[in-house]
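Here is a short briefing on aromatic rings and a nonpolar surface patch. Look at the sequence and the structure first.

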Amino acid sequence: MFKNINISTKKFQEFLKIEQERQLAMKELSMILGYDVSFSKEEVVDNAGKAYANYISKEFTKEVSLLMKSAF
C-alpha cells in the first residue's frame, strides 16, 4: 500500500548522527562560554526521535495525498 515510505533504522541513525554533531558543537561552545549549554544524552536521542517522527509524518502525508489523488 505505502510502497514509497521507507521506515528504517538507517534514517533514524542519520538523524541521530546530526544530533550528535550538534552536541559536539554545543560542547565546543560551552568551553568558549565557560558554562555548559550542551544537551544530555537523553535530549540528543529525544531530538533525533522527534526529527525522525516528523520525517515519517511528512512521508506518510505525501503518500496518502498521492493515494487520494489516484483514487479520484
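The points below cover the ring contacts and then the surface patch.

This is a predicted model, in which local features need pLDDT of at least 70, side-chain atom pairs count only at pLDDT 80 or more, and totals for chains, interfaces and linings use all residues. Residues are numbered from 1 along each chain as its sequence is written, and side-chain values use heavy atoms, with hydrogens and water left out.

**Aromatic rings**

- Rings of Phe, Tyr and Trp (its six-membered ring) pair if their centres lie within 6.5 Å; planes under 30 degrees apart are stacked, over 60 edge-to-face, and the rest tilted.
- By this rule there are four aromatic pairs.
- Phe 15 is buried at 17% relative accessibility, and Tyr 52 is buried at 16%; buried means under 20% relative accessible area, exposed over 50%, and partly exposed in between (1.4 Å probe, protein chains only).
- One aromatic cluster is formed by Phe 12, Phe 15, Tyr 52 and Tyr 55.

**Surface patch**

- Leu 29, Ile 32, Leu 33 and Tyr 35 make a nonpolar surface patch of about 420 Å².
- Patch residues have over 30% relative accessible area and no salt bridge, and nonpolar side chains (Val, Leu, Ile, Met, Phe, Trp, Tyr) are joined within 5 Å, like charges within 9 Å.
- A salt bridge is a side-chain nitrogen of Lys or Arg within 4 Å of a carboxyl oxygen of Asp or Glu.
- Accessible areas come from the Shrake-Rupley method with a 1.4 Å probe, and for residues only the protein chains shown count as cover.
- Leu 33 is in helix H1 (residues 9–33) and is partly exposed, with a relative accessible area of 41%.

Notes:
Helix = DSSP H or I, 4+ residues; strand = E, 2+ residues; numbered from the N terminus.
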